[in-house]
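Subject: Structure handover

Hi,

Here is the structure I promised you.

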Amino acid sequence: KNEIILYKIRENKKIKYFFVDDFSYKLKEGTAKIIISAKGAKAAEYEFIVLWKNKPKTLMNPEFAIKLLTIIESEKKIDTLLSTDKKDYFNVLNKYWEKKNPDKKTAFNEIEYEFYKRADYAMKNFSTVSNPVGAKSDRGKIYIRYGEPDEIIREYSDSNSVIEVWKYKQLKREFVFTDKTGLGNYSLD
């Protein structure tokens, strides 16, 4: 569970403490200030840095994170996002995802998180020697776009090729991938 404990120290003794649940889901990354006041007491101000705990690795490099959007966006849109100065990529990426945030009350965007969490999974599970960026492999792209399939059927042939069929029942779709080399280099048929 995400929580923070704030305490005021006086003569090395904790005299006041506060628990703030799920605060990280309500704040943007960067510097933040909390002002705590009570009736008849002077307000206390705390300045701290907000970091996204368990931030997807694919989101740590804003340029790479923008390039991954080619899985769901047009090349033209990506070129527009990348046409800004590199130092502005973080802000450009945040503005892109702000528009898609289903809960405007919080800075945390479930859709953004799910996209990059899937990208992390694809990087870890679909990378090969010939294609080290698993998120850009055919299986990686489908996984990022649609999530985990409901069913995976794997068949082996006499010619050393492997066929994987991913079935998505709710979408009523299936994707067929073939690895003709036997080295994990699956391509979408």
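Which residue stands opposite isoleucine 163 in E6? Glutamate 155 does. Before you read on, please note that this is a predicted model.

Glutamate 164 sits in strand E6, which covers residues 162-168. Glutamate 174 sits in strand E7.

Is glutamate 164 buried or exposed? Its relative accessibility is 2%, so it counts as buried; the cut-off for buried is under 20%. Glutamate 174 has a relative accessible area of 47%, so it is partly exposed. That class lies between the 20% and 50% limits.

What does the side chain of glutamate 164 meet? It makes a polar contact of 3.3 Å with the side chain of arginine 139. Setting aside neighbours within four places in sequence, glutamate 164 is also in contact with Ile152, Ile153, Arg154, Phe175, Val176, Phe177 and Tyr186, and Arg139 is on that contact list too.

Under the same exclusion of neighbours within four places, glutamate 174 is in contact with Val165, Trp166 and Lys167. One distance to check on your screen: glutamate 174 and isoleucine 152 are 9.5 Å apart, C-alpha to C-alpha. In sequence they are 22 residues apart.

The helices

How does helix H4 (residues 110-125) pack with H5? The angle is about 155 degrees, and the axes are 8 Å apart. H4 is therefore roughly antiparallel to H5, as angles over 145 degrees count that way. The crossing is right-handed.

On the H4 side, the contact is made by Phe115, Arg118, Ala119, Tyr121, Ala122 and Asn125. On the H5 side, it is made by Arg139, Gly140, Tyr143, Ile144, Arg145 and Tyr146. Note Arg139 in that list: its side chain also joins glutamate 164 in the 3.3 Å polar contact.

Best wishes

Technical notes
Residues numbered from 1 in each chain as written. Predicted model: local features only at pLDDT ≥ 70, side-chain atom pairs only at ≥ 80, totals over all residues. Heavy atoms only, no water. Helix = DSSP H or I, 4+ residues; strand = E, 2+ residues; numbered from the N terminus. Buried < 20%, exposed > 50% of the residue type's maximum accessible area, 1.4 Å probe, protein only. Polar contact = N/O pair within 3.5 Å; in protein donor to acceptor, adjacent residues only side chain to side chain. Contact = heavy atoms within 4.5 Å. Pairing = 2+ DSSP bridges. Axes fitted to C-alpha atoms, helices over the stretch in contact; angles between N-to-C directions. Parallel < 35°, antiparallel > 145°, perpendicular 65-115°, else oblique. Left-handed = near helix turned anticlockwise from the far one by under 90°.
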